[in-house]
Amino acid sequence: MDLLNVSKTRYTTKAYDPNKKIPKEQFERLLEILRLAPSSINIQPWHYFIADNTAAKARIAKALVGKYAYNAPKVLDSSHTILFCTQADISETHLENLLSRDEISGRFKDEKAKQGQKDSRTGYVDYYRNEKGDIQRWAENQTFIALGQALLAAGIEGIDATPIGGFDEELIAEELGLAEKGLIPSVLLTLGYRSENDFNAKLPKSRLIKEDIFTLL
Ligand SMILES: Cc1cc2nc3c(=O)[nH]c(=O)nc-3n(C[C@H](O)[C@H](O)[C@H](O)COP(=O)(O)O)c2cc1C
(Lines give C-alpha, C1' and ligand atoms only; values in the text may rest on other atoms or scores of the structure.)
Protein backbone atom coordinates (compact mmCIF):
# COMPACT_ATOMS: atom_id res chain seq x y z
CA MET A 1 0.00 0.00 0.00
CA ASP A 2 1.44 3.41 -0.91
CA LEU A 3 1.81 6.15 1.65
CA LEU A 4 -0.91 8.37 0.20
CA ASN A 5 -3.36 5.51 0.46
CA VAL A 6 -2.29 4.81 4.03
CA SER A 7 -2.77 8.50 4.86
CA LYS A 8 -6.30 8.27 3.49
CA THR A 9 -7.27 5.03 5.19
CA ARG A 10 -5.56 5.14 8.61
CA TYR A 11 -7.76 6.68 11.24
CA THR A 12 -8.02 7.21 14.98
CA THR A 13 -9.50 4.03 16.40
CA LYS A 14 -12.01 4.68 19.15
CA ALA A 15 -12.83 1.08 20.14
CA TYR A 16 -10.62 -2.01 20.03
CA ASP A 17 -11.27 -5.72 19.85
CA PRO A 18 -9.72 -6.87 23.15
CA ASN A 19 -9.20 -10.41 21.83
CA LYS A 20 -6.82 -9.56 19.02
CA LYS A 21 -3.06 -9.35 19.59
CA ILE A 22 -0.39 -7.91 17.30
CA PRO A 23 2.08 -10.71 16.39
CA LYS A 24 5.35 -10.34 18.32
CA GLU A 25 7.59 -9.97 15.25
CA GLN A 26 5.34 -7.31 13.79
CA PHE A 27 5.34 -5.34 17.03
CA GLU A 28 9.15 -5.60 17.12
CA ARG A 29 9.18 -4.07 13.62
CA LEU A 30 7.16 -1.12 14.90
CA LEU A 31 9.61 -0.62 17.76
CA GLU A 32 12.50 -0.69 15.30
CA ILE A 33 10.74 1.95 13.18
CA LEU A 34 10.38 4.05 16.34
CA ARG A 35 14.07 3.61 17.11
CA LEU A 36 14.93 4.82 13.61
CA ALA A 37 12.84 8.01 13.81
CA PRO A 38 14.74 11.16 12.84
CA SER A 39 15.28 14.05 15.23
CA SER A 40 16.96 17.45 15.27
CA ILE A 41 20.76 16.96 15.57
CA ASN A 42 19.91 13.28 16.10
CA ILE A 43 19.16 14.17 19.72
CA GLN A 44 16.76 11.21 20.27
CA PRO A 45 15.38 12.70 23.51
CA TRP A 46 12.73 10.02 23.92
CA HIS A 47 12.02 7.01 26.08
CA TYR A 48 9.15 4.57 25.58
CA PHE A 49 7.21 2.57 28.16
CA ILE A 50 5.51 -0.42 26.61
CA ALA A 51 2.42 -2.10 28.04
CA ASP A 52 1.66 -5.46 26.41
CA ASN A 53 -0.32 -7.16 29.17
CA THR A 54 -3.40 -6.51 31.29
CA ALA A 55 -1.54 -5.42 34.43
CA ALA A 56 0.73 -3.01 32.56
CA LYS A 57 -2.17 -1.48 30.64
CA ALA A 58 -4.05 -1.05 33.95
CA ARG A 59 -1.09 0.95 35.28
CA ILE A 60 -1.33 3.32 32.30
CA ALA A 61 -5.11 3.52 32.67
CA LYS A 62 -4.65 4.96 36.18
CA ALA A 63 -3.98 8.25 34.38
CA LEU A 64 -7.22 7.94 32.39
CA VAL A 65 -9.72 9.08 34.97
CA GLY A 66 -12.09 12.02 35.38
CA LYS A 67 -12.29 14.01 32.16
CA TYR A 68 -9.90 11.53 30.52
CA ALA A 69 -11.92 8.42 31.41
CA TYR A 70 -13.22 8.17 27.83
CA ASN A 71 -9.71 7.14 26.76
CA ALA A 72 -9.36 4.29 29.28
CA PRO A 73 -11.10 1.52 27.26
CA LYS A 74 -8.81 2.25 24.30
CA VAL A 75 -5.77 1.44 26.44
CA LEU A 76 -7.34 -1.52 28.25
CA ASP A 77 -8.64 -3.15 25.04
CA SER A 78 -5.58 -2.38 22.92
CA SER A 79 -3.08 -5.05 22.03
CA HIS A 80 -0.18 -2.81 23.04
CA THR A 81 0.03 0.70 24.48
CA ILE A 82 3.15 2.83 24.32
CA LEU A 83 3.80 5.88 26.47
CA PHE A 84 6.07 8.31 24.63
CA CYS A 85 8.23 10.25 27.11
CA THR A 86 10.72 13.05 26.57
CA GLN A 87 13.80 13.95 28.55
CA ALA A 88 12.98 16.97 30.71
CA ASP A 89 16.46 18.36 29.97
CA ILE A 90 19.37 17.24 27.83
CA SER A 91 22.10 16.01 30.17
CA GLU A 92 25.85 15.76 29.58
CA THR A 93 25.48 11.99 30.02
CA HIS A 94 22.97 11.85 27.18
CA LEU A 95 25.23 13.91 24.91
CA GLU A 96 28.16 11.61 25.69
CA ASN A 97 26.02 8.55 25.00
CA LEU A 98 25.00 9.97 21.60
CA LEU A 99 28.57 10.80 20.67
CA SER A 100 29.89 7.39 21.62
CA ARG A 101 27.04 5.77 19.65
CA ASP A 102 27.95 7.93 16.63
CA GLU A 103 31.52 6.69 16.98
CA ILE A 104 30.56 3.01 17.34
CA SER A 105 28.34 3.43 14.27
CA GLY A 106 31.43 4.50 12.32
CA ARG A 107 30.47 8.08 11.60
CA PHE A 108 33.85 9.70 12.39
CA LYS A 109 36.89 9.37 10.18
CA ASP A 110 39.13 10.96 12.83
CA GLU A 111 39.18 12.77 16.19
CA LYS A 112 38.59 16.12 14.48
CA ALA A 113 35.31 14.91 12.98
CA LYS A 114 34.22 13.63 16.39
CA GLN A 115 35.08 16.93 18.07
CA GLY A 116 33.20 18.80 15.32
CA GLN A 117 30.06 16.77 15.96
CA LYS A 118 30.38 17.27 19.71
CA ASP A 119 30.79 21.05 19.38
CA SER A 120 27.96 21.40 16.90
CA ARG A 121 25.52 19.39 19.00
CA THR A 122 26.46 21.21 22.20
CA GLY A 123 26.07 24.53 20.39
CA TYR A 124 22.52 23.72 19.32
CA VAL A 125 21.55 22.41 22.76
CA ASP A 126 22.91 25.58 24.39
CA TYR A 127 21.02 27.67 21.83
CA TYR A 128 17.70 25.96 22.55
CA ARG A 129 18.29 26.06 26.30
CA ASN A 130 19.66 29.59 26.70
CA GLU A 131 18.66 31.71 23.69
CA LYS A 132 15.32 30.19 22.72
CA GLY A 133 14.76 29.41 26.39
CA ASP A 134 12.57 26.35 25.93
CA ILE A 135 14.64 23.23 25.48
CA GLN A 136 11.79 21.03 26.67
CA ARG A 137 9.48 22.22 23.91
CA TRP A 138 12.19 21.60 21.30
CA ALA A 139 12.89 18.15 22.74
CA GLU A 140 9.22 17.23 22.84
CA ASN A 141 8.77 18.32 19.22
CA GLN A 142 11.17 15.52 18.34
CA THR A 143 9.12 12.95 20.23
CA PHE A 144 6.08 13.94 18.19
CA ILE A 145 8.01 13.27 14.98
CA ALA A 146 8.37 9.71 16.27
CA LEU A 147 4.63 9.61 16.95
CA GLY A 148 3.89 10.62 13.35
CA GLN A 149 6.26 7.98 12.06
CA ALA A 150 4.64 5.33 14.26
CA LEU A 151 1.13 6.26 13.08
CA LEU A 152 2.10 5.86 9.44
CA ALA A 153 4.03 2.68 10.18
CA ALA A 154 1.01 1.18 11.93
CA GLY A 155 -1.11 2.07 8.90
CA ILE A 156 1.31 0.35 6.55
CA GLU A 157 1.41 -2.73 8.78
CA GLY A 158 -2.40 -2.95 8.87
CA ILE A 159 -2.51 -2.16 12.58
CA ASP A 160 -5.06 0.25 14.03
CA ALA A 161 -3.86 3.03 16.29
CA THR A 162 -4.90 5.92 18.52
CA PRO A 163 -2.68 8.82 19.54
CA ILE A 164 -3.82 9.95 22.99
CA GLY A 165 -2.96 13.33 24.45
CA GLY A 166 -5.89 13.24 26.86
CA PHE A 167 -4.40 11.76 30.03
CA ASP A 168 -3.44 13.03 33.48
CA GLU A 169 0.25 13.86 33.24
CA GLU A 170 0.78 14.02 37.00
CA LEU A 171 -0.82 10.64 37.63
CA ILE A 172 1.19 8.86 34.93
CA ALA A 173 4.40 10.56 36.10
CA GLU A 174 3.72 9.37 39.64
CA GLU A 175 2.81 5.82 38.59
CA LEU A 176 5.99 5.34 36.55
CA GLY A 177 8.38 7.48 38.62
CA LEU A 178 9.07 9.70 35.61
CA ALA A 179 10.49 12.71 37.50
CA GLU A 180 13.16 10.52 39.12
CA LYS A 181 14.08 9.30 35.65
CA GLY A 182 14.30 12.86 34.29
CA LEU A 183 11.35 12.29 31.95
CA ILE A 184 8.10 14.01 31.12
CA PRO A 185 5.12 12.17 29.59
CA SER A 186 4.37 13.35 26.04
CA VAL A 187 1.72 11.20 24.41
CA LEU A 188 0.18 7.72 24.50
CA LEU A 189 -0.23 5.46 21.49
CA THR A 190 -2.58 2.52 21.58
CA LEU A 191 -2.20 -0.20 18.95
CA GLY A 192 -4.34 -3.16 18.02
CA TYR A 193 -7.37 -3.98 15.92
CA ARG A 194 -10.64 -2.09 15.66
CA SER A 195 -13.81 -3.42 17.23
CA GLU A 196 -16.81 -3.98 14.99
CA ASN A 197 -18.52 -1.28 17.07
CA ASP A 198 -16.00 1.44 16.32
CA PHE A 199 -18.20 4.31 15.10
CA ASN A 200 -15.15 6.22 13.89
CA ALA A 201 -14.22 3.54 11.34
CA LYS A 202 -17.30 4.44 9.33
CA LEU A 203 -16.97 8.20 9.43
CA PRO A 204 -15.38 10.02 6.48
CA LYS A 205 -12.07 11.78 7.02
CA SER A 206 -12.27 15.54 7.51
CA ARG A 207 -9.40 17.88 6.68
CA LEU A 208 -9.01 21.54 5.76
CA ILE A 209 -8.82 22.12 2.03
CA LYS A 210 -5.55 22.85 0.18
CA GLU A 211 -6.34 26.55 -0.20
CA ASP A 212 -6.55 26.90 3.57
CA ILE A 213 -3.15 25.46 4.32
CA PHE A 214 -0.80 25.87 1.34
CA THR A 215 0.63 29.13 0.03
CA LEU A 216 2.64 28.94 -3.16
CA LEU A 217 5.35 31.60 -3.06
C1 LIG B 1 -1.18 14.50 19.63
C2 LIG B 1 -2.54 13.91 19.45
C3 LIG B 1 -3.35 13.72 20.56
C4 LIG B 1 -4.62 13.13 20.40
N5 LIG B 1 -5.36 12.83 21.52
C6 LIG B 1 -6.50 12.11 21.39
C7 LIG B 1 -7.20 11.65 22.53
O8 LIG B 1 -6.84 11.91 23.68
N9 LIG B 1 -8.31 10.87 22.33
C10 LIG B 1 -8.76 10.54 21.08
O11 LIG B 1 -9.76 9.82 20.96
N12 LIG B 1 -8.12 10.99 19.97
C13 LIG B 1 -7.00 11.75 20.09
N14 LIG B 1 -6.32 12.18 18.97
C15 LIG B 1 -6.84 11.84 17.64
C16 LIG B 1 -7.27 13.07 16.81
O17 LIG B 1 -8.48 13.57 17.28
C18 LIG B 1 -7.33 12.64 15.34
O19 LIG B 1 -6.03 12.30 14.92
C20 LIG B 1 -7.87 13.73 14.43
O21 LIG B 1 -9.22 14.01 14.74
C22 LIG B 1 -7.77 13.33 12.96
O23 LIG B 1 -8.49 12.16 12.71
P24 LIG B 1 -7.85 10.83 12.13
O25 LIG B 1 -6.64 10.48 13.00
O26 LIG B 1 -8.92 9.80 12.27
O27 LIG B 1 -7.42 11.07 10.72
C28 LIG B 1 -5.08 12.79 19.11
C29 LIG B 1 -4.26 13.03 18.00
C30 LIG B 1 -3.00 13.56 18.16
C31 LIG B 1 -2.11 13.72 16.95
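## Overall layout

Helices (H or I, at least four residues) and strands (E, at least two) are DSSP runs here, numbered from the N terminus. By that count the chain has nine helices and four strands, and along the sequence they follow the pattern α-α-β-α-α-β-α-α-α-β-α-β-α.

This is a predicted model: local features need pLDDT of at least 70, side-chain atom pairs count only at pLDDT 80 or more, and totals for chains, interfaces and linings use all residues. Residues are numbered from 1 along each chain as its sequence is written.

The C-alpha trace spans about 60 × 45 × 35 Å along its principal axes. Of the 217 residues, 29% are buried, meaning 20 or more other C-beta atoms, placed from the backbone, lie within 10 Å of the residue's own. As for contacts (C-beta atoms, placed from the backbone, within 7 Å), take those between residues at least 6 apart in sequence: 81% of them join residues at least 24 apart.

## The annotated domain

UniProt, in an unreviewed entry, puts "domain: Nitroreductase" at residues 8-193. Its positions are in the numbering used here, feature names are shortened, and annotations may be inferred rather than shown by experiment. Over residues 8-193 the chain is 50% helix and 16% strand, with the end C-alpha atoms 17 Å apart.

## H5 against H6

Helix H5 (residues 92-104) and helix H6 (residues 111-131) have axes that come within 11 Å and cross at roughly 145°. Those axes are lines fitted to C-alpha atoms over the stretch in contact, with angles running from 0 to 180 degrees between N-to-C directions.

Who meets whom? On the H5 side we have Leu95, Leu99, Asp102 and Glu103, and they meet Lys114, Gln117, Lys118, Arg121 and Thr122 of H6.

The 21 residues of H6 should span 30 Å at 1.5 Å a residue, and its end C-alpha atoms, 29 Å apart, agree with that. The expected span is 1.5 Å times one less than the number of residues. After H6 comes Gly133, with a positive phi near 75°.

Helix H7 (residues 135-157) has 23 residues and reaches 34 Å from first C-alpha to last, close to the 33 Å expected. Its buried residues include Ile135, Trp138, Glu140, Leu147 and Gly155. Just after H7, Gly158 also takes a positive phi, about 75°.

Definitions and conventions:
Buried ≥ 20, exposed ≤ 12 C-beta atoms within 10 Å, placed from the backbone. Contact = placed C-beta atoms within 7 Å.
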